[in-house]
Amino acid sequence: MTTPVEISTDGACLGNPGPGGWGAVLRYKEHEKQISGAEPDTTNNKMELTAAIKGLEAVKKPSTVILYTDSTYVRNGIMKWAAGWQSNGWLTKDKKPVKNSELWRELIEQCARHEVEWKWVKGHAGDHYNEIADQLATSAARKLKEG
């Protein structure tokens with residue numbers, strides 16, 4: 001059995017919208033890598049999506065991935081809603097444009113490179129790697145806000 005790459009992701013926003021950050025912790029066997037970034041005017045949902053995208057982008061070779069997120073928006077979106085949005089021409093059931101469709105398209109593209117299992121973890125509840133991802137995201141947003 002192939003050892004999966006594990007990725008824990010989180011997004012943060014100082015105001016919603018406002019300065020935001022994303023963080024991801026990638027783990028493979030004994031290796032660990034932390035990545036993060038920020039955007040000046042964004043939303044929490046965009047940062048949650050970006051964290052997942054950047055985490056998957058950082059895995060260079062097609063791999064088996066377990067992705068942990070505390071965002072039900074991201075997990076439900078990719079597992080339940082995205083296929084319908086695609087077949088509806090990126091419109092919701094109410095015929096309105098899907099919010100963040102450009103990020104959803106990027107996430108789908110990244111998922112196509114890997115075999116991804118999505119796991120939800122409760123945020124701010126002591127999950128070690130979720131806490132690290134949260135710190136990375138919050139720190140990136142604060143650094144941006146403070147200049």
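How many of the eleven residues of β2 are buried? Ten of them are, so β2 is largely enclosed by the rest of the structure; buried means under 20% relative accessible area, exposed over 50%, and partly exposed in between, with a 1.4 Å probe and protein chains only.

## Basis of the report

The model is predicted: local features need pLDDT of at least 70, side-chain atom pairs count only at pLDDT 80 or more, and totals for chains, interfaces and linings use all residues. Residues are numbered from 1 along each chain as its sequence is written, and side-chain values use heavy atoms, with hydrogens and water left out.

## Overall architecture

Four helices and five strands make up the protein chain; helices (H or I, at least four residues) and strands (E, at least two) are DSSP runs, numbered from the N terminus. Along the sequence, these elements follow the pattern β-β-β-α-β-α-α-β-α. The radius of gyration is 15 Å, close to the 15 Å that the globule rule gives for 147 residues, so the chain is as compact as a globular protein of that length. This radius is taken over C-alpha atoms, and the globule rule is 2.2 Å times the number of residues to the power 0.38.

The C-alpha atoms fill a box of roughly 45 × 45 × 25 Å along the principal axes. Of the 147 residues, 45% count as buried. Among contacts (heavy atoms within 4.5 Å) with a separation of 6 or more, 66% join residues 24 or more positions apart. The accessible surface comes to about 8200 Å², and 49% of it belongs to carbon and sulfur atoms; such areas come from the Shrake-Rupley method with a 1.4 Å probe, and for residues only the protein chains shown count as cover.

## The sheet

The five strands form an open sheet in the order β3-β2-β1-β4-β5, with mixed pairing; two strands pair if DSSP finds at least two bridges between them. β3 (31-42) and β5 (115-120) stand at the edges with a single partner strand each, so one side of each is left without a neighbour in the sheet. Neighbouring strands are turned by 20 degrees against each other on average, direction ignored. Axes are lines fitted to C-alpha atoms, for helices over the stretch in contact, and angles run from 0 to 180 degrees between N-to-C directions.

β1 and β2 pair in the antiparallel sense over eight bridges, and Gly11 has Trp22 of β2 as a bridge partner. β2 and β3 also run antiparallel, joined by ten bridges, with Val25 opposite Gln34 in β3. In contrast, the pairing of β1 with β4 (residues 64-69) is parallel and has five bridges; there, Glu6 is partnered by Ile66 of β4.

## Helices and core

Helix α1 (residues 44-57) lies across β1, β2 (18-28), β3, β4 and β5, at about 155 degrees to β1. Helix α2 (residues 72-87) packs on the sheet as well, touching β4 and β5, and its direction makes about 140 degrees with that of β5.

The largest nonpolar core has 27 residues, of which Ile7, Trp104, Leu107 and Trp118 touch the most other members. Such a core is a set of buried Ala, Val, Leu, Ile, Met, Phe, Trp, Tyr and Cys residues joined through side-chain atoms within 4.5 Å. Two or more residues come from each of β1, β2, α1, β4, α2 and α3 (101-113), and α1 gives the most, with six. Beyond four places in sequence, Ile7 touches residues including Val25, Leu56, Val65 and Tyr68. Thr9, placed in strand β1 (residues 5-13), is buried with a relative accessible area of 0%.

## Turns and backbone exceptions

Most residues other than glycine have a negative phi, and most peptide bonds are trans. The hairpin of β1 and β2 has four residues between the strands, and Gly15 in the turn has a positive phi of about 95 degrees. Pro17 lies in this loop, and the peptide bond from Asn16 to Pro17 is cis, with omega near 15 degrees. The hairpin of β2 and β3 has two residues between the strands, with Lys29 in the turn at a positive phi of about 50 degrees.

Asn100, in the loop between α2 and α3, has a positive phi near 65 degrees and counts as buried at 12% relative accessibility. His124, in the loop between β5 and α4 (128-146), has a positive phi near 55 degrees but counts as exposed at 60% relative accessibility.
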